[in-house]
Amino acid sequence: MESTGRLVVGRVGGKSTVTRCFSKYPLKFIVPTKAGPSSIDAVWIYTLTYGGGIVSGDCISFDVTLEDACTAVLTTQASTKVYKSVASKCSVQLMEARIGNGALLVVIPDPVTCFSTAKYAQNQVFRMTPGSNLLIVDWITSGRHESGEKWDFTLYKSTNHIYMETKPLFLDTVLLENRNVTSIAERMQDYQVTAMVVLLGPKLKDIQNQIQEDVKKMMSAQLHVPSTGGRTKSINGGGYTKPSLIASCNSFGPKGIGVVVRIAATTTESVYRFLHSQLAGMEPMIGLRPYH
């Protein structure tokens, strides 16, 4: 697939700086002069597409290189809209990132929103060293609620592969496909958003520990409701409504060096609040609080 973009972030005058920025239709990069306090060494890069969304049949492919000790944030200005599929064409987006030693890449887009009949596949590959640091947020909403669309797209596939040097460390694919047997809406029930957060690297250790503790406490409180006699009754026992947001948290890799959080929620706003709260510790590193 022909490349539609390339970004290189290096150190110039002791600061993280975009040293190369190339993009062509339908992809565009915006690099603000400064997104946070000047004392924070981080560059923010916004990715967007002409027309405000990804059109049926679009093929977007770009790569990102972070040189040693650089910090970069890759984000969006709004949700990524994937328009209706025409002639069953699938829209594709590919990203490959190389993260140097001591570098930090933060990928915090707004969610993907697929229109009715849309077909979309994205593939993100991250190549790291033991000293690299990475935060990924990857999420999708059920569609355009104001148009009565809920999980009405045909296909959504999101793949994230992380390699430590040359060895596979984290290989994950989310596949949502409407088939004749059961629809996505039937399988998702009342949940309208699904999200994944990956935290990896020595700089993110404190945030990893905090988020694991917070998710454990939150789900313990939501899934067990006190009953008479001092005992607790599981939510599966009946009589209780489902939590509006559920989350799980697991470590991965040698010595648990990475953490993955999976989330399902009934509203997009509740996921924004969760991310805003749980990723607050990123602010000293990137200058702004994610999802502010």
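Which strands and helices do the buried residues of helix 2 pack against? The model examined is predicted; local features need pLDDT of at least 70, side-chain atom pairs count only at pLDDT 80 or more, and totals for chains, interfaces and linings use all residues. Residues are numbered from 1 along each chain as its sequence is written, and side-chain values use heavy atoms, with hydrogens and water left out.

Helix 2 covers residues 205–223. Helices (H or I, at least four residues) and strands (E, at least two) are DSSP runs, numbered from the N terminus. Helix 2 has 19 residues and reaches 27 Å from its first C-alpha to its last. That is close to the expected 27 Å, where the expected span is 1.5 Å times one less than the number of residues.

I207, Q208, I211, V215 and M219 of helix 2 are buried (under 20% relative accessible area; exposed is over 50%, partly exposed in between; 1.4 Å probe, protein chains only). Seen down the axis of helix 2, these residues fall within an arc of 100 degrees, so they line one face. The arc is that of the directions from the helix axis to the C-beta atoms. On the other side, D206, K216, K217 and A221 are exposed. The buried residues pack against strands 16, 19 and 20 and against helices 3 and 4; contact means heavy atoms within 4.5 Å.

The peptide bond from Y25 to P26 is cis, with omega near 10 degrees. P26 lies between strand 2 and strand 3. W151, between strands 13 and 14, has a positive phi near 55 degrees. W151 is buried, at 2% relative accessibility. E165, between strands 14 and 15, has a positive phi near 60 degrees. E165 is exposed, at 53%.
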